[in-house]
Amino acid sequence: MGKYVLLFLFGLLIYLVLTRNRRKRNAAAAPTAEAMIQCDYCRVHLPLSESLPAGEKRYCCEEHRRLGQG
């Protein structure tokens with residue numbers, strides 16, 4: 001009976017270690033959130049890194065940047 005208890009506890013320990021490692025890997029692989037902005041011409045939402053600046057304003061494409069300044 002003692003062998004089965006030890007075997008069960010050993011299996012439980014292995015399970016806990018593996019699930020803990022999987023959670024750490026998934027948390028590390030999760031993408032970070034990026035700020036979203038609105039185009040000042042058409043109001044479409046886009047990531048800040050993909051926007052085009054023009055002074056204080058930001059645009060989604062070159063055409064809207066040109067039209068927004070005119």
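Which residues does Ile 37 touch, not counting residues up to four places away in sequence? A few notes on that and on other spots in this predicted model.

1. Ile 37 first. Leaving out residues up to four places away in sequence, Ile 37 touches Val 44, His 45, Leu 46, Leu 48, Ser 51 and Arg 58. Ile 37 also belongs to the largest nonpolar core, a set of five residues that also takes in Cys 39, Leu 46, Ala 54 and Tyr 59.

2. Ser 51 deserves a look next. You'll find Ser 51 in the loop between β2 (45–47) and β3 (52–54). With residues up to four places away in sequence set aside, the contacts of Ser 51 are Ile 37, Leu 46, Arg 58 and Tyr 59. Three of the names there, Ile 37, Leu 46 and Tyr 59, turn up in the largest nonpolar core too. Ser 51 counts as buried because its relative accessibility is 7%, and the cut-off for buried is under 20%.

3. What does the side chain of Ser 51 do for polar partners? Its reach to the backbone oxygen of Leu 48 is 2.7 Å, and a polar contact of 3.1 Å joins it to the side chain of Arg 58.

4. Thr 19 is another buried polar residue to check, at 14% relative accessibility. Thr 19 sits in helix α1, which covers residues 2–29. The side chain of Thr 19 reaches back to the backbone oxygen of Leu 16, at 3.1 Å.

5. Leu 16 shows up again on the surface, in a nonpolar patch with Met 1, Val 5, Leu 6, Phe 8, Leu 9, Leu 12 and Tyr 15. Together these residues have about 910 Å² of accessible area. Take Leu 9 as one member of the patch: Leu 9 lies in helix α1 and, at 46% relative accessibility, counts as partly exposed.

6. On to charges. Side chains of opposite charge can pair when their charged atoms come close. The structure holds two salt bridges. One of them links the side chains of Arg 43 and Asp 40, at 3.5 Å from N to O. Arg 43 is partly exposed, with a relative accessible area of 46%, and Asp 40 is partly exposed as well, with 32%.

7. The side chains of Arg 65 and Glu 62 also meet in a salt bridge, with 2.5 Å from N to O. Both residues lie in helix α2 (residues 62–69), three residues apart, or about one turn of the helix. Glu 62 counts as partly exposed, at 46% relative accessibility.

Conventions
Residues are numbered from 1 along each chain as its sequence is written. This is a predicted model: local features need pLDDT of at least 70, side-chain atom pairs count only at pLDDT 80 or more; totals for chains, interfaces and linings use all residues. Side-chain values use heavy atoms; hydrogens and water are left out. Helices (H or I, at least four residues) and strands (E, at least two) are DSSP runs, numbered from the N terminus. Buried means under 20% relative accessible area, exposed over 50%, partly exposed in between (1.4 Å probe, protein chains only). A polar contact is a pair of N or O atoms within 3.5 Å; within protein, one must be able to donate a hydrogen and the other to accept it, and residues adjacent in sequence count only if both atoms are side-chain atoms. Contact means heavy atoms within 4.5 Å. Patches are made of residues with over 30% relative accessible area and no salt bridge: like charges are joined within 9 Å, nonpolar side chains (Val, Leu, Ile, Met, Phe, Trp, Tyr) within 5 Å. Accessible areas come from the Shrake-Rupley method with a 1.4 Å probe; for residues, only the protein chains shown count as cover. A salt bridge is a side-chain nitrogen of Lys or Arg within 4 Å of a carboxyl oxygen of Asp or Glu. A nonpolar core is a set of buried Ala, Val, Leu, Ile, Met, Phe, Trp, Tyr and Cys residues joined through side-chain atoms within 4.5 Å.
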